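Here is my note on this model, as numbered points. Please keep the structure open as you read.

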Amino acid sequence: MTKLTVPIMVYELEQGLVDSAKAAAAGADLVEFRIDHFTEDMLAIGDLVKGSKLPCIVTCRPVWEGGEYDGDEMERMSALQHAPGRSVEEGDEVGVDDHGVGPAYIDCELLAWEKSANIRQKVMNAVRGGSGLILSSHDFKERPRDLMQRVEKMVEADECRVIKVAWAAKSLRDNLEAFEIIERKWKPTIALCMGEYGLASRVLAKKFGALLTFAALGSDKGTAPGQPTVEEIKGLYRWDRLGKDTKVYGVVGYPVGHSMSPQIHNAGFDEVDFDGVYLPLPVGPSYESFKATIGTWLDYESLDFKGCSVTIPHKGNLLDFVREEGGEIEALTEKIGAANTLVKRDDGSLYAFNTDYAAALDSVCDRMGIERDGLKGKKVVVLGAGGVSRAIVAGFAGYGAEVVVYNRTVEKAEALAKEFGASAKAMSEVNAIDCEVLINCTPMGMHPNEDEMPVEADVLKAGMVVFDTIYNPLETKLLKAAKAKGCLVVSGGEMFVRQAAGQFEAWTGKKAPLDVFERELRKHLDL
Ligand code: NAP
């Protein structure tokens, strides 16, 4: 079973021990004591290892390998020897579960190991008594060109019990190589990608059967870029539930770091007991990056990448990609020219569709107590002519509503209206509107401009449906005014939850737990 491992940079004995106790309490299986700053007092190193609440790895990482130890190399090796030998018979297989008094593993960089017989001798003195030797290699800049030669050397070194490679990923594709290295099963293996593109390798280490993954005690306690916290990996990314059959999903966009979709979908998977995990998947802005990344992820069979949400700037790229792959695109989505959902069906074929317009239509229809066909002839005003307006105008016009688009840049309103058989007006005329449904698709009223409102309160009439696509805040100034006038209101939060539900149901085949989605949305917005 892949061990959840907390790295602890040790400055003082007491702090190292307290942190190991915190790691145990947080549900970790193993700690890595980084003694980069703790090499002076040899007795204290022994006390640290003996007093740890969890089995441990002892590592003293030099600056030249991305660590913080800046002293003499021989003294560094001597420090490793201060960790007491394990209380197991020589030659016994060491599992991290049989927590003896010594470290479960000692880490030594491949480069140091290769330097001299003297160093190797000292390292082997440190791993005496049944501890295991991890040979490791790190590159904080990029994938090293000789990555596989490094792995081969670790495979060939008889003393090496564990292979560890970590490098800074330049794209999501790097993760696939990490999975490949683990799947070769030469020896117990740790293969991790660092940085914003590397999260998948850290979370999915368990799916692929790596020896361990690292997760930090707190967001300021990590020892490598991109390390999640224990709380994130166990809570958000469902660590305890991950297994080799777990299906993988995510939100593809750039940037995606602040997306609330992982929180919503993972909580949903939990609620309906679905064996899936949902990750932020940053993909650089070009079509080439999108095609290469999504193509290779879909082709990597054992990854079980079954679909994704797609956001800015890739909503158009998704359609081009699915077309090129001979997949299917839902009819109105094709017309909108932007899709936000990809499904890989059981037969391997691809299906792209847009849940934004459906979410908007169904929210409004629900409030009016009608089916979508009942929208025929209804007067709908859409404020704004950007990406969200486009999906909404296509949806409402597609069901026969009389749509008028108002926009600050009137030419954009005209172009959009022309495409979908709607009409267009300048935003300056907005206070003369007369409609049954008013939809705001501009950011007016969005945090931090909560005081803004796209129309005067006078135009709001009792019985009118007023829908603000903004979800931060959930109740905008426009919606407050609409409520006060007796309008029926729809929030951007409802649209967000429904568009996520459309994706969730397509992937899982289960009904989306809307209450859980809403709870997570409120949590995310800190309400
Ligand atoms: P977008 O493509 O950038 O379009 C923004 C539109 O708003 C443009 O038509 C722009 O007019 C207009 N606009 C911007 N600032 C304005 C101002 N100060 N006064 C008047 N008009 C202004 O953005 P988008 O992707 O369509 O997103 C629009 C809104 O949808 C956002 O506020 C966001 O909160 C919301 N949204 C909701 C969801 C959901 O699920 N609920 C999802 C995504 C987005 P010009 O053409 O003149 O520049």
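1. Start with the ligand. It is surrounded by 20 residues, and the closest include A385, V388, N407, T409 and K412.

2. Before going on, note the basis. This is a predicted model, in which local features need pLDDT of at least 70, side-chain atom pairs count only at pLDDT 80 or more, and totals for chains, interfaces and linings use all residues. Residues are numbered from 1 along each chain as its sequence is written, and side-chain values use heavy atoms, with hydrogens and water left out.

3. A polar backbone atom of A385 is 2.8 Å from an oxygen atom of the ligand. For V388, a polar backbone atom is also 2.8 Å from a ligand oxygen. K412 uses its side chain: an N or O atom there is 2.8 Å from an oxygen atom of the ligand. Taken alone, the ligand exposes 930 Å², and the protein buries 74% of that. These areas come from the Shrake-Rupley method with a 1.4 Å probe.

4. Now the layout. The protein has domain 1 (3-243), domain 2 (251-354 + 497-524) and domain 3 (367-490). These bounds come from an automatic or database domain assignment. Over C-alpha atoms, the centres of domain 1 and domain 3 are 55 Å apart.

5. Which residues touch the most other members of the largest nonpolar core? They are L204, L279 and L303, in a core of 90 residues. Domain 1 and domain 2 each give this core at least three residues. Apart from it lies another core, of 35 residues, with I336, Y357, L375 and A394 among them. A nonpolar core is a set of buried Ala, Val, Leu, Ile, Met, Phe, Trp, Tyr and Cys residues joined through side-chain atoms within 4.5 Å. Buried means under 20% relative accessible area, with a 1.4 Å probe and protein chains only.

6. Look at L303 itself. Leaving out residues up to four places away in sequence, its contacts include L176, F179, L204, F208 and W297. Contact means heavy atoms within 4.5 Å.

7. Last, the cysteines. How many disulfides are there? The count is zero, with a disulfide taken as a pair of cysteine sulfur atoms within 2.5 Å. The C108 sulfur is too far for a bond, because the closest cysteine sulfur, in C160, is 9.9 Å away. C108 is buried, at 1% relative accessibility. The C435 sulfur is 9.4 Å from its closest cysteine sulfur, in C487, so that pair is also too far for a bond. C435 counts as buried too, at 11%.

Terms used: Buried < 20%, exposed > 50% of the residue type's maximum accessible area, 1.4 Å probe, protein only. Near = heavy atom within 4 Å. Polar contact = N/O pair within 3.5 Å; in protein donor to acceptor, adjacent residues only side chain to side chain.
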